[in-house]
Amino acid sequence: MNDPFRLSSRARRRRPSPIRELVRYMGMEGMLSLGGGYPNPRTFAFRRVQVDLAGGGTPVMLEGPELDRATQYGATDGLPALVERLVAWQRFKDGVELPAGGLVVLNGSQEGLYILADLLLDEGDEVLVCEPTYPGALAAFRSFTDRFVAVPLDAQGMRTDRLAELLDGRAARGERLPRFLYTIAGGHNPAGVTLSEPRRRQLVEIARRHGVPILEDDPYELLQLEEAPRPPTLQSLAPELVVRLDSFSKILCPGLRLGYASGPAAAMRAIVLHKQASNLHTSTFAQALLAAYLRADGPEGLLARIRANVQLYRRNRDAMVAGARRHLPADVRYEVPGSGMFLWFELPAGFDGERMLREDAEALGVVLVPGAHFSTQGGCRNAMRASFSMLDPEKADEAMRRFGEMVARERARVAG
Ligand SMILES: Cc1ncc(COP(=O)(O)O)c(C=O)c1O
């Protein structure tokens, strides 16, 4: 079978940067380096950085040689001190042992979406997605193709029966298959659902049968709002077929722009060559801060912090769901999300989320995202996404009352 991660013709043209490839020599004990156009750290403005942690504990400090490394150019795949901790983090949270060279630190997982699309898509290739899906992924993919194949989802996540039908059908007819499958397995954005374990196993089995690689984008994996066991990651089920994107945006803070890709070493190497051409490496400063934080708190500490923070999201979700039950009519349908940050409202046929926003958001003082943005081909018009992450519980009832009024106004327009 073909290599699932065979590169696009664009990516095959890339050559390693001769200077970037010297970085590993330059860090060697006793090496007299005349390579690299590195500025001398003695000229840098910063001497010491101290970051106090929410909830107390020993502050995170960067100083001396560690601060020099944090403010100097670094290796393209990531600061070694951080890469090592991320490999341990993946082992700790997912039970996955990554291969050597199996991880690259990114400017958030969004960078991974863009790079993977660049690496894999040639003109005319299709991407297989769930409908609805994350618009940021569509934006990244649309830079390289406008061809999408959409599979619907339900409360268990992607409909794997429909996926099998689609791929088996195409293979039987000798037709071309989508170049890769994009999935948000946990706490789906926007649908709020989590792909169930049986579906995960089916999805991997179907993808394997057809040699279709999987891009597992999982920033909400750990934002579990219920005490249910976490299903295995797709990467843990099919390491040879999955490039996984992890993000610190929802579990630490998004402004540091830290995420990472992990998977087969050859695919990671292709990501490195892309970064050599596009941004050299992710901010060493942000990476050093995360490495120092992980050293202080450890994986157990980070997980405990996330679990404590999730209480806030759970209260927000419960308040919004209570408000929705009180103020929305029965023909507005939604699943109560077990993870993530989103409620996905499906409205009656003929309703138009964009029109509702345009006509009523300002007057009523409530904003939701129209569903059409989450569709590859103009579907989901009668849906809207609500984030509960930022709305305090005391405001949730009023927000749902206003949304209920928005629904009533749209109903009058549709009827009229
Ligand atoms: C499904 C999904 N993937 C990726 C991202 C991008 O996250 P990051 O901040 O890690 O780039 C988001 C952000 O909302 C998201 O919802």
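# Exercises on a predicted two-domain chain

The C-alpha centres of domain 1 and domain 2 lie 27 Å apart. The model is predicted, so local features need pLDDT of at least 70 and side-chain atom pairs count only at pLDDT 80 or more, whereas totals for chains, interfaces and linings use all residues. Residue numbers start from 1 along each chain as its sequence is written.

## Exercise 1. The domain contact

Determine which residues the two domains span and what classes of residue domain 1 presents to domain 2.

Step 1. Domain 1 covers 72-298 and domain 2 covers 306-415; such bounds come from an automatic or database domain assignment.

Step 2. To the contact, domain 1 gives 26 residues and domain 2 gives 24 residues. Two residues are in contact if their C-beta atoms, placed from the backbone, lie within 7 Å.

Step 3. On the side of domain 1 that touches domain 2, the elements giving two or more residues are strand E4 (126-131), helix H6 (135-142) and strand E5 (147-154). Helices (H or I, at least four residues) and strands (E, at least two) are DSSP runs, numbered from the N terminus.

Step 4. That side of domain 1 holds 16 nonpolar, 8 polar and 2 charged residues. Here Ala, Val, Leu, Ile, Met, Phe, Trp, Tyr, Cys and Pro count as nonpolar, Asp, Glu, Lys and Arg as charged, and the others, Gly among them, as polar.

## Exercise 2. The ligand shell

Identify the helix that gives the most to the shell around the ligand, and state how the shell residues divide by class.

Step 1. The ligand is surrounded by 13 residues, of which the closest are Gly108, Ser109, Gln110, Ser247 and Ser249. A residue is near a molecule or strand if its C-beta atom, placed from the backbone, lies within 6 Å of it.

Step 2. Helix H5 (residues 108-120) gives the most to this shell, with 3 residues.

Step 3. The shell divides into 4 nonpolar, 8 polar and 1 charged residues.

## Exercise 3. Backbone features in loops

Locate two cis peptide bonds, then decide whether Arg257 and Cys380 are buried, exposed or partly exposed.

Step 1. Glu131 and Pro132 are joined by a cis peptide bond with omega about 0°; Pro132 sits in the loop between E4 and H6.

Step 2. Asn189 and Pro190 are likewise joined by a cis peptide bond, with omega about 15°, and Pro190 is in the loop between strand E7 (180-183) and H8.

Step 3. Arg257 is not a glycine, yet has a positive phi of about 55°. The loop that holds Arg257 runs between strand E9 (242-247) and strand E10 (259-262). Arg257 counts as partly exposed because it has 18 C-beta neighbours inside 10 Å. A residue is buried if 20 or more other C-beta atoms lie within 10 Å of its own, exposed if 12 or fewer, and partly exposed in between; C-beta atoms are placed from the backbone.

Step 4. Cys380, also not a glycine, has a positive phi of about 55° and lies in the loop between strand E12 (369-370) and strand E13 (383-387). Cys380 counts as buried because 24 C-beta neighbours fall inside 10 Å.
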